[in-house]
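Welcome! Take a look at the sequence and the 3D view before reading on.

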Amino acid sequence: MKVSTEQRPSREAVLTVELEPGEAEPYLERAYKQVVGKLDIPGFRKGKAPRRIVEQLYGRDYLANQALDFMLPELTGRAMEQEALEPGDLPAISLDTLELDPLKYTATVPLRPQVDLGAYRNVRVPKERVRVGKAQVDQALEDLANATAPWEPVDGPPAYGDLLNITAHGAYYSEEHGHDHNLIASEKQDFIPRENSRTPVPGFGAKLLELAVEQETEFEIAVPDDFENTEVAGKTARFSVTLHSVKRKVPAPIDDEFAKGVGDGYDTLKELRAAVKGDLEQQETEHAEARHKEEAIGKVIDGAVVEVSPLIVERETDRYLMDFQEAHRTGRMTIQYYQQYLAWAGKTQEEIREDARASAEQRLRRALVLRELVEECGAAAGAEEVDAEIERMASEPGADAKRVREVFREQSTKDALRRMLEERKVVDTVAAIAAGGAEADPPNESGDEQDPAEQNDPEAPDEQQPEEKATDA
């Protein structure tokens, strides 16, 4: 077997493989033994027809085609080993003819991607300081009071956030199909209009605020050209709506009595405010930590130099599109996929693939940099660590322990969990490095810090200490 290699700058190597006359013979014999037992040949018991008879009836090309299924991968594997290539994915094989004597073909081998992390240890990202002020606590208490408030009948015009019981019918005319298409058809169903809502079309909620109770009203809405539902975008939607009733939440006064009915109960509003503020500070701290980690790893990824074969990028694009289609089919779309879905509306398949390629490249780049960081930081996760994580998930409140363990019985799911643990560790490591150079604002002598808007506000705190307290994220 003769092998020649052409190295390409795009992390690819093109192998030209050529067999000497007669070298294909063992593969043809192997193919004959694999197929002869499946053929019905008159005059011979199944599996007993000589090879020359098989070739006479089916042709030598038939055996050659069968042989190629295992012949090409084996020959390419030998050629890569001979040329000391380190593949990053399966090669793409190009065969001009089925002729096996001599056989000559090319294999494009995507080499293992190269990642230069650069000076990632010099990346610095300051940590946010978490501040929860009186206005945030007030808003949280108002939200809590509103969430627990009952719906009360209202005399008068509806407003955003009210609970409306309506009968509504809406449609638009489709020139393509020559008839109306329904947008909404409801009989005495509850509906809550929200400001800037785009359901079923932009402006529908605002129209509901103009209705009078038990009076059928017809109206039209010109749907914007950029509406995400391309079927109705740019068209005129016609509606007939009857408002049957209006209800509005009437929150209880936020006082000591209200505090006693929240959760397990608080003796005073002051205690409830302290608890709410503590919860907000914890949430804000967690969010700040997540933002810090993402910004730090993002800077490392942006600063890395990644060389990857175009063939690997195309295959990652295929996987990205398959993942998107599966998420769309099952209804489990992430925010990223939903945004992609909106961006692809009205685009051709070629344009969609081009957009998907950009997203796939970003995903691939991130994965490659994280893999390199795992090696660089020695963050590999062992079997014991993976098993411990499975048990932690199985023991979480509300978890189906048996189901959790069943899911991770397969090695593939264990490997995915292992990669997740490793990536979590390197993200934490990078964030810690990035924070090492962060300059934090010094607190005042008491360790407390007030929002300037709250200073000299006689109604601001009802505690002895300032309502505002700065805590490191």
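## The largest pocket

Let us begin with residue classes: Ala, Val, Leu, Ile, Met, Phe, Trp, Tyr, Cys and Pro count as nonpolar, Asp, Glu, Lys and Arg as charged, and the others, Gly among them, as polar. With those classes, the lining of the largest pocket holds seven nonpolar residues, one polar residue and 11 charged ones. On a 1 Å grid over the protein atoms alone, a pocket is an open set of points where a 1.4 Å probe fits, with protein on both sides within 12 Å along at least five of seven lines, and lining residues have an atom within 4 Å of a point.

Two or more lining residues come from each of α8 (310–330) and α10 (349–377). The largest share, nine residues, belongs to α10. Helices (H or I, at least four residues) and strands (E, at least two) are DSSP runs, numbered from the N terminus.

## The second largest pocket

What lies nearest the centre of the second largest pocket? Of its 16 lining residues, these are Phe 324, His 328, Tyr 341, Trp 344 and Ala 345. Here α8, α9 (335–344) and α10 each give two or more residues to the lining. The second largest pocket holds about 330 Å³ of space, and its lining is made up of eight nonpolar, five polar and three charged residues.

Residues are numbered from 1 along each chain as its sequence is written, and side-chain values use heavy atoms, with hydrogens and water left out.

The pLDDT is the predictor's confidence in each residue, from 0 to 100. The protein chain averages 88, and 91% of the residues score at least 70. Residues 438–473, however, have a pLDDT below 50, and this stretch makes 64 contacts in the model beyond near neighbours in sequence (a contact means heavy atoms within 4.5 Å). Where pLDDT is low, the predicted coordinates should not be read in detail.

## The overall shape

The protein chain has 13 helices and 13 strands. Its C-alpha atoms fill a box of roughly 100 × 70 × 45 Å along the principal axes. The radius of gyration is 33 Å, whereas a compact globule of 473 residues would have one near 23 Å (taken over C-alpha atoms, with a globule rule of 2.2 Å times the number of residues to the power 0.38).

Of the 473 residues, 35% count as buried (buried means under 20% relative accessible area, exposed over 50%, partly exposed in between, with a 1.4 Å probe and protein chains only).

Most residues other than glycine have a negative phi, and most peptide bonds are trans. The bond from Thr 199 to Pro 200 is cis, with omega near -5°, and Pro 200 sits in the loop between β9 (179–191) and α5 (204–208).

Asn 196 is in the loop between β9 and α5 and has a positive phi of about 70°. Asn 196 is exposed, with a relative accessible area of 70%. Glu 214, in the loop between α5 and β10 (216–222), has a positive phi near 55° and is exposed at 52% relative accessibility.

Conventions:
Predicted model: local features only at pLDDT ≥ 70, side-chain atom pairs only at ≥ 80, totals over all residues. Points joined across faces, edges and corners; volume = space filled by probe spheres on them.
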